[in-house]
Amino acid sequence: MIKKLTELNGTSGAEYSVRNYIISEIKDYADIKTDNMGNIIAFVRGKNKATKRIMVDAHMDEVGLIITAVTAEGFLKFETVGGIDTAVLLARRVVTERGVKGVISMKPVHLLSSSEKGKLPDADSLYIDIGASSKEEALDLVNIGETAVFMEGFRPLGNSFVSKAIDDRAGVAVLISLIKNAEYDFYATFSVQEEVGLRGAKAAAFSVDPEYSIVIESTTASDIRGVAEEKTVCNIGAGAVLSFMDKATMYDRELFEAAKAAAEQKGIPCQVKRAVAGGNNAGAINVSRGGVKTLAISVPCRYIHSASSVASKEDILAVYSLAKEMIGKIASGEIDD
């Protein structure tokens, strides 16, 4: 499922293929509606009625590019959609919504001036080469405002795997599995436009009006050579990641502690995020209406927001197990106000 999901293309605002796939997977397990923004809001009927209104969220969009202009020579100018470092763009293959393939420009090293060597180019100087020889030819193939994504697909990598869009198609896969194996009723939201400001989740949370929420996300792992242990944030292979605070949310302390205790009790591999950094849809859900008690359970991911993100199957299974456990504890009333 993760292979299928990561190989679908769906930048913020253009999540069509991802949305269609999700609906095809859950249509027999939930009452589904799609709101005006494109969020999927599904009411999942479990084996037992929940004592609390719970919203479990995963966002379906990925970082990418949007075409802003075409030069006289037929090159495409673009802006990034979401946070992409210039270093991961250079010489990367991309594909547009309409299936046109291209490569992002990179000046040959032997043509760099002494002042340019060792420096990243200005992002504004980059373009996409689709092999067109004129503006007219390029505009027959692409539209201004059309999005593009990295082309690289899913590949095994030792005990892990590498792909684009692990953030947050891994979370989407977890949420689909939670729906298919629901013990308790809950609301599942597959939200749009997380990468450009948590917009979809804000609208979805207003509609659902939950008392509790669990956000299934992917988060940065910097457990690579040359990074001090205290700055690695989290580790691939060490299990689900729990956050106590990030740049968008101060997480509910009771839920955070209950999740740690549940992981220990059930033998679910789990770790605490060792940095106050980043943010996710919890930042919008947490402050919806009168406030929502919120927990984030994340998949550790190396090289996030790139064409070659890396994650572990075992960590994803741990996220699934811990999320299912916490849905049960909240829905059953074991965790109460």
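At what angle do helix α6 (residues 253-266) and helix α8 (residues 313-331) pack, and how far apart are their axes? In this predicted model, local features require pLDDT of at least 70 and side-chain atom pairs are counted only at pLDDT 80 or more, whereas totals for chains, interfaces and linings use all residues. Residues are numbered from 1 along each chain as its sequence is written, and side-chain values use heavy atoms, with hydrogens and water left out.

Helices (H or I, at least four residues) and strands (E, at least two) are DSSP runs numbered from the N terminus. Two packed helices are described by the angle between their axes and the distance between the axes. For α6 and α8 the angle is about 120° and the axes are 10 Å apart, the axes being lines fitted to C-alpha atoms, for helices over the stretch in contact, with angles running from 0 to 180 degrees between N-to-C directions. Helix α6 is therefore oblique to α8, given that angles under 35 degrees count as roughly parallel, over 145 as roughly antiparallel, 65 to 115 as roughly perpendicular and the rest as oblique. The crossing of α6 and α8 is right-handed, a term that applies if the near helix is turned clockwise from the far one by less than a right angle, and left-handed if anticlockwise. Contact (heavy atoms within 4.5 Å) is made by Leu255, Ala258, Ala259, Ala262, Ala263, Gln265 and Lys266 of α6 and by Leu322, Glu325, Met326, Lys329 and Ile330 of α8. These residues divide into 8 nonpolar, 1 polar and 3 charged, where Ala, Val, Leu, Ile, Met, Phe, Trp, Tyr, Cys and Pro count as nonpolar, Asp, Glu, Lys and Arg as charged, and the others, Gly among them, as polar.

Helix α8 also packs with helix α4 (residues 166-180), the two axes coming within 10 Å and crossing at roughly 45°, which means that α4 is oblique to α8. This crossing is right-handed. Ala170, Val174, Ser177 and Leu178 of α4 meet Ile316, Val319, Tyr320, Ala323, Lys324 and Ile327 of α8, and by class the contact has 8 nonpolar, 1 polar and 1 charged residues. Helix α4 also contains Asp168, which is joined to Asp167 by a cis peptide bond with omega of about 5°.

Thr6, in helix α1 (residues 2-7), counts as buried because its relative accessibility is 0%; buried denotes under 20% relative accessible area, exposed over 50%, and partly exposed in between (1.4 Å probe, protein chains only). The side chain of Thr6 reaches the backbone oxygen of Lys3 at 3.2 Å. Leaving aside residues up to four places away in sequence, Thr6 touches Phe154, Ser163, Lys164, Ala165, Ile166 and Arg169.

Several loop residues were also examined. Asp209, between α5 (199-208) and β13 (212-220), is partly exposed at 38% relative accessibility and touches Arg53 and Arg289, not counting residues up to four places away in sequence. Gly158, in the loop between β10 (155-157) and β11 (160-163), is exposed, with a relative accessible area of 77%. Positive phi in a residue other than glycine is found at Val233, near 70°, and at Tyr303, near 55°.

Technical notes: A polar contact is a pair of N or O atoms within 3.5 Å; within protein, one must be able to donate a hydrogen and the other to accept it, and residues adjacent in sequence count only if both atoms are side-chain atoms.
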